[in-house]
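Open the model in your viewer and keep the selection tool at hand. This tour goes stop by stop.

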Amino acid sequence: MHKAGFVNIVGKPNAGKSTLLNQLMGEKLAIVTQKAQTTRHRIFGIYNEEDLQIVFSDTPGVLDPKYGLQEKMMDFVKDSLQDADVFLFIVDVTDKAEPSEFLIDKLNKIPVPVLLLLNKVDQTNQEGLEKLVSDWHERIPKAEILPISALNAFNTDVILPKLKSMLPENPAYYDKDMYTDKPERFFVNEAIREKILLNYEKEIPYSVEVVTEMFKEKEGIIFIDSIIYVERDTQKGIIIGHKGEAIKKVGTEARLDLEKFFAKKIHLNLFVKVKKDWRKNDRDLKNFGYR
């Protein structure tokens, strides 16, 4: 008997969705930072056992879109709410803001199982946790609730067995040697973007898109040329930094991560170009892969 299905991970920004995906997959597929809106695309992680295939889908955090890019990000979320066999709904127990009524309403109406994960439980006490369990049981009565810490791998070992019990009997949807639906260039772009999120402040990381124009393997080394697009000339100067020191730091950190990811030596060239107001331009967004 072989089980297979799609498990979509949803939640608000910074709830821990990408951290959990990486934990369940056993390797880093999605970039992780403390900044909101780190995830922009929908990423498939394909987990395989002999009698099991789980296609995890990591999505951007649910938010109220303010401009074109955020609207496209929410389109990925809406797509994910239509094609799952099980939903993993992640809630940050430290989040004091109102929960997403949009997600609660959708998950109550969708006729598939919901595993509700109360994440970061190491940052609350027993009394607070019990109240959260009670509150969320009232909001989504059908959900099975599990306290976890994705970052510290607390209780995450029980998630895969629970999902296996919830999934239908199906043959594998993808070849068993696949672990994601994304091409190599996507992970190069994301590695560079992660370092920009970590090294720059304010609006700079959100004004950046990365495009890899060359990816060539030759005798144990990968040659990569990537362009960092920004919206204004002033941002280009900030990205490059004094005497190119800032972009050199980004390139070094990204290269080291990519060498671990691909298990090969990397030669990485970074270039910075201005594409004015690309986040609001439908044509630019489409060219960057936002449908």
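A charge sits over a ring if NZ of Lys or CZ of Arg is within 6 Å of the ring centre and within 35 degrees of the ring normal. Select Arg139 and Trp136: Arg139 lies over the Trp136 face, 4.5 Å from the ring centre. Next, pick Lys182, whose charged end sits over the ring of Phe186, 5.0 Å from the centre.

Two notes before moving on. This is a predicted model, where local features need pLDDT of at least 70 and side-chain atom pairs count only at pLDDT 80 or more, while totals for chains, interfaces and linings use all residues. Residues are numbered from 1 along each chain as its sequence is written, and side-chain values use heavy atoms, leaving out hydrogens and water.

**The sheet**

Show the strands and helices (DSSP runs numbered from the N terminus: E for strands, at least two residues; H or I for helices, at least four). Six strands make an open sheet in the order E2-E3-E1-E4-E5-E6, with mixed pairing. Strands pair if DSSP finds at least two bridges between them. Select E2 (43–49) and E6 (144–147): these are the edge strands, each with a single partner, so one side of each has no neighbour in the sheet. Now take E5 (residues 114–119), which runs parallel to E6 and is joined to E6 by four bridges. Leu117 stands opposite Leu146 in E6.

**Helices on the sheet**

Select H4 (residues 126–139). This helix packs on the sheet and touches E4, E5 and E6; contact means heavy atoms within 4.5 Å. Then select H1 (residues 17–25), the helix that holds Ser18. H1 lies across E1, E2, E3, E4 and E5. Is Ser18 buried or exposed? Ser18 is buried, at 9% relative accessible area. Buried means under 20%, exposed over 50%, and partly exposed in between, with a 1.4 Å probe and protein chains only.

**Aromatic stops**

There are nine aromatic pairs in the structure. Rings of Phe, Tyr and Trp (its six-membered ring) pair if their centres lie within 6.5 Å; planes under 30 degrees apart are stacked, over 60 edge-to-face, the rest tilted. Select Phe6 and Tyr173: this pair is tilted, 4.9 Å centre to centre with 55° between planes. Phe6 is in E1 and Tyr173 in the loop between H5 and H6, so the pair ties together parts 167 residues apart in sequence. Phe6 is buried at 18%, whereas Tyr173 is partly exposed at 40%. Last, select Phe186, Phe187, Phe215, Phe261 and Phe262, which form one aromatic cluster.

How values were computed
Axes are lines fitted to C-alpha atoms, for helices over the stretch in contact, and angles run from 0 to 180 degrees between N-to-C directions.
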